[in-house]
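The report below walks through the fold, the packing and a few selected side chains of one protein chain. Please keep the sequence and the structure in view while reading.

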Amino acid sequence: MTRPDCLQLAWQLRAPLAGLIILAGFTLTTIGCKQDESPLVRENQALRKQVAKLDSVLVSLQDGNKVMQQQINLLNQELREARKRTKRVEAQRKAQAAQLAAEVSKNRKLAVENQRIASERARAIPILRVEEKGSQTKDLSKPLRLVSKAVEKALSRNGYKLQVSLQTENTAVYVTSRKVSAPASLEQAGFRNQYLVSLQKLSSKKTRLKVKADFEKITQGGRILPVGPEEQAEIERRLIAEISKALAASGKV
């Protein structure tokens, strides 16, 4: 074969060979890319799975946080209510303690008052030379409180000082100091007198008045003369009359 013929044949074969070479190169390139990208794909899929797991965990954590927050809110509410109950109990305790202290103080005052009354009664025993037996009695249609005021007013107006004064809810007792009578007094001049007045509550509007007088008739020389029962009764009735006048006057005011 001549040289020109050889050159022509080579030219004719070059095109198909070039195509085969390009095709082979493309195939190899494609195969190489697929082999290179496979680990990336798997890694990408693994990352996606991890992200999905993380999302699931995050959702679970969020749900857990919501439940925990609800529990915290409930605990806070219970704590607030417990504090309120504690404050109420503390306030009640303080009120009860104050009431107890007031009761104790009241009882102490009553004990002191009872002791004072008992002491006054003990002191009054030797002073009371008069006895209630044989006294003049009158029932008054007035409360004990008003009759007590009338007794004090009548005695004070006639110059008698109270040596003993005892009052309770249902009774009252007055003992005057002994004095020598003046001309304008309940007794006649020359008498030395002492009164025992007792009151007893019969009802809310009725009081029993008892008056007992112990007096002595004194001569100019200082000798004491006996006094008859009628004279004594008259002196007692005079004081009852004075008390009745004071009681009537207080009702007009």
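Which residues does Ser135 touch, not counting residues up to four places away in sequence? In this model, which is a predicted one, Ser135 touches Lys210, Val211, Lys212 and Glu236 when those sequence neighbours are set aside. Ser135 itself is found in the loop between helix H1 (3-127) and strand E1 (136-140), and it counts as buried because its relative accessibility is 16%, where buried means under 20%.

**Overall layout**

The secondary structure of the chain comes to three helices and seven strands, and from the N terminus on these elements run α-β-α-β-β-β-β-β-β-α. Of the 253 residues in the chain, buried residues make up 20%. Among the contacts with a separation of 6 or more, 58% are accounted for by residues 24 or more positions apart.

In soluble globular proteins, nonpolar side chains tend to be buried together. The largest nonpolar core here has 23 residues, of which Val151, Tyr195, Val197, Leu199 and Leu209 touch the most other members. Two or more residues of this core are given by each of helix H2 (144-157), strand E3 (171-176), strand E5 (191-203), strand E6 (206-218) and helix H3 (229-252). A second, separate core consists of five residues, including Ile117, Leu166, Val175 and Leu196.

Leu209, once its neighbours within four places in sequence are left aside, is in contact with Gln136, Thr137, Lys138, Leu140, Val151, Val197, Ser198, Leu199, Ile240 and Ile243. Val197 has its place in strand E5 and counts as buried, since its relative accessibility is 0%. With the neighbours within four places again left aside, Val197 is in contact with Val151, Ala172, Val173, Tyr174, Leu209, Lys210, Val211 and Leu239. Val197 and Ser135, the residue with which this report began, are 62 residues apart in sequence and 9.3 Å apart in space, C-alpha to C-alpha.

**The E2–E3 hairpin**

Strand E2, residues 162-167, pairs with E3 in the antiparallel sense over five bridges, and the two strands form a hairpin with three residues between them. Within this pairing, Gln167 stands opposite Ala172 in E3, while Ser165 has Tyr174 in E3 as its bridge partner.

**An aromatic pair and a lysine**

How many aromatic pairs does the count come to? The count comes to one aromatic pair, formed by Tyr160 and Tyr195, whose ring centres are 5.2 Å apart and whose planes stand at 70 degrees, so that the pair is edge-to-face. Because Tyr160 lies in the loop between H2 and E2 whereas Tyr195 lies in strand E5, the pair ties together parts that are 35 residues apart in sequence. Tyr160 counts as buried at a relative accessibility of 4%, and Tyr195 is likewise buried, with a relative accessible area of 0%. The ring of Tyr160 also has the charged end of Lys179 sitting over it, 4.6 Å from the ring centre.

**Two glutamines of strand E5**

Gln194 is found in strand E5 and counts as buried, given its relative accessibility of 3%. Its side chain reaches the backbone oxygen of Thr176 at 3.1 Å, and a polar contact of 3.0 Å joins the side chains of Gln194 and Arg178. Gln200, also found in strand E5, is partly exposed, with a relative accessible area of 38%. Leaving aside its neighbours within four places in sequence, Gln200 is in contact with Asn170, Lys206, Thr207 and Arg208. Gln200 and Pro143 are 57 residues apart in sequence, and their C-alpha atoms are 9.9 Å apart in space.

The relative accessibilities of several residues discussed above are gathered here.

| Residue | Relative accessibility | Class |
|---|---|---|
| Ser135 | 16% | buried |
| Tyr160 | 4% | buried |
| Gln194 | 3% | buried |
| Tyr195 | 0% | buried |
| Val197 | 0% | buried |
| Gln200 | 38% | partly exposed |

Definitions and conventions. Residues are numbered from 1 along each chain as its sequence is written. This is a predicted model: local features need pLDDT of at least 70, side-chain atom pairs count only at pLDDT 80 or more; totals for chains, interfaces and linings use all residues. Side-chain values use heavy atoms; hydrogens and water are left out. A nonpolar core is a set of buried Ala, Val, Leu, Ile, Met, Phe, Trp, Tyr and Cys residues joined through side-chain atoms within 4.5 Å. Buried means under 20% relative accessible area, exposed over 50%, partly exposed in between (1.4 Å probe, protein chains only). Helices (H or I, at least four residues) and strands (E, at least two) are DSSP runs, numbered from the N terminus. Contact means heavy atoms within 4.5 Å. Two strands pair if DSSP finds at least two bridges between them. Rings of Phe, Tyr and Trp (its six-membered ring) pair if their centres lie within 6.5 Å; planes under 30 degrees apart count as stacked, over 60 as edge-to-face and the rest as tilted. A charge sits over a ring if NZ of Lys or CZ of Arg is within 6 Å of the ring centre and within 35 degrees of the ring normal. A polar contact is a pair of N or O atoms within 3.5 Å; within protein, one must be able to donate a hydrogen and the other to accept it, and residues adjacent in sequence count only if both atoms are side-chain atoms.
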